[in-house]
Amino acid sequence: MAKTRFTRGKLLAAAAPLAAIPIAGKLALGDSATAGGHDHSSHAHQRSLATHERGAMGHAAMFGAEVPAVGGPNDLDALLYPPAALPYQPGRVREYRLTATDIELEVAPGVFFPAWVYNGTAPGPVIRATEGDRLRVTFVNAGSHPHTIHFHGIHPTNMDGVFEVVEPGGRFTYEFEAKPAGLHLYHCHATPLKKHIHKGLYGAFIVDPKEPRPPAQELVMVMNGFDTDADGGNNFYTVNGRSFYYARYPIRVKRSELVRIYLANLTEFDLINSFHLHADFFRYQPTGTGDHWEYTDTVMQCQGQRGVLEIEFSNTGTFMFHAHQSEFAELGWMGFFEVVD
Ligand code: CU
Ligand code: CU
């Protein structure tokens with residue numbers, strides 16, 4: 001498939017992807033985007049072109065089959081639905097294996113990103129343990145650069161993923177007690193750090209409290225971005241790795257039943273990211289720890305921040321969610337909940 005490269009400016013100028021209609025496996029906006037440079041006049045020109053092209057689709061929110069998003073309806077299930085929480089049991093060992101590789105990720109139709117990933121996706125797999133479990137993570141570096149895994153949480157410093165740099169072909173076993181309870185994360189900590197993170201080496205790390213949280217429909221959303229033209233700025237924004245994926249495939253949940261979302265921000269380059277829900281409010285527990293809950297419809301997170309959202313939807317219907325940085329939303333970070341009885 002043809003590889004397409006856009007600059008952030010060109011994409012925004014084209015009001016992508018409202019104007020993006022897949023043509024022969026390629027985004028239509030690519031044709032107008034390749035015509036202009038970086039100056040404002042050509043942006044204006046592209047914007048009028050894009051507005052003209054957009055006429056066929058109108059200004060309604062993109063939803064369902066019309067949406068240019070990569071893949072089938074269950075492709076991201078392993079990232080969206082975490083492994084089940086296990087009740088506390090003294091002395092248990094939880095084992096995971098993470099393998100770093102270099103791959104080309106298709107983050108939007110026809111748009112590829114030369115990524116470095118754990119277990120084939122960016123974000124990597126959800127790691128989950130109960131507070132007090134012994135966590136054993138075998139890390140295999142099958143990539144072309146030195147990497148590590150740095151976990152957030154409380155652990156001995158020789159398990160911190162900073163000092164042991166695992167060379168290509170090497171391996172390292174991280175082992176420590178999972179604590180404290182909360183939503184944490186993991187990411188590569190080799191230098192240059194910015195590069196190793198934006199390339200895709202990160203994921204969510206859930207530590208369940210010994211006293212379990214109430215049963216819920218649980219979801220994981222890791223916010224990230226992809227710099228597909230290597231200019232030091234993101235061209236696409238996503239949750240769980242594919243732009244507009246949850247606009248094409250809305251997330252189905254049940255009304256009046258507890259929905260719990262583990263939300264983390266691993267977006268590089270941009271100072272903050274955010275989550276905004278339409279037409280309802282949720283409770284937000286920063287870092288998934290402590291007694292402090294906020295009641296809101298919008299939260300923002302710096303890179304590395306994360307938290308737990310809980311909501312029982314009051315109504316059925318289609319509920320939009322997206323970054324409240326409009327630019328991020330228009331570059332892929334938006335989706336829908338389909339709330340049913
Ligand atoms: Cu790395
Ligand atoms: Cu970190």
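**Ground rules.** I am working with a predicted model, where local features need pLDDT of at least 70, side-chain atom pairs count only at pLDDT 80 or more, and totals for chains, interfaces and linings use all residues. Residues are numbered from 1 along each chain as its sequence is written, chains are lettered from A and ligands numbered from 1 in the order in which they are written, and side-chain values use heavy atoms, with hydrogens and water left out.

**Copper.** I started at the copper ion (ligand 2) and found His-152 (NE2) and His-187 (NE2) coordinating it at 1.9 to 2.0 Å. Donors here are N, O and S atoms within 2.8 Å of the metal (3.2 Å for Na, K and Ca), and sites may look incomplete because water is not among the atoms. His-152 sits in the loop between β7 (150-151) and β8 (171-177) and His-187 in strand β9 (residues 182-187), so the pair ties together parts 35 residues apart in sequence. I read strands as DSSP runs of E, at least two residues, and helices as runs of H or I, at least four, numbered from the N terminus. His-152 is partly exposed at 21% relative accessibility, while His-187 is buried at 8%. The cut-offs are under 20% relative accessible area for buried, over 50% for exposed and in between for partly exposed (1.4 Å probe, protein chains only).

**Rings.** I noted 20 aromatic pairs. Rings of Phe, Tyr and Trp (its six-membered ring) pair if their centres lie within 6.5 Å; planes under 30 degrees apart are stacked, over 60 edge-to-face, and the rest tilted. Phe-151 and Phe-176 make an edge-to-face pair, with centres 5.2 Å apart and planes at 65°. Phe-151 is in strand β7 and Phe-176 in strand β8, so this pair ties together parts 25 residues apart in sequence. Both are buried.

**Salt bridges.** I got 13 across the whole structure, each a side-chain nitrogen of Lys or Arg within 4 Å of a carboxyl oxygen of Asp or Glu. Which partner does Asp-75 have? Arg-242, with the closest N and O atoms 2.8 Å apart. Asp-75 lies in the loop between α3 (40-54) and α4 (77-80) and Arg-242 in the loop between β12 (236-239) and α6 (245-248), so parts 167 residues apart in sequence are tied together. I also looked up Asp-133 and Arg-92, which meet at 3.1 Å, N to O. Asp-133 is buried at 0%, and Arg-92 is buried at 12%.
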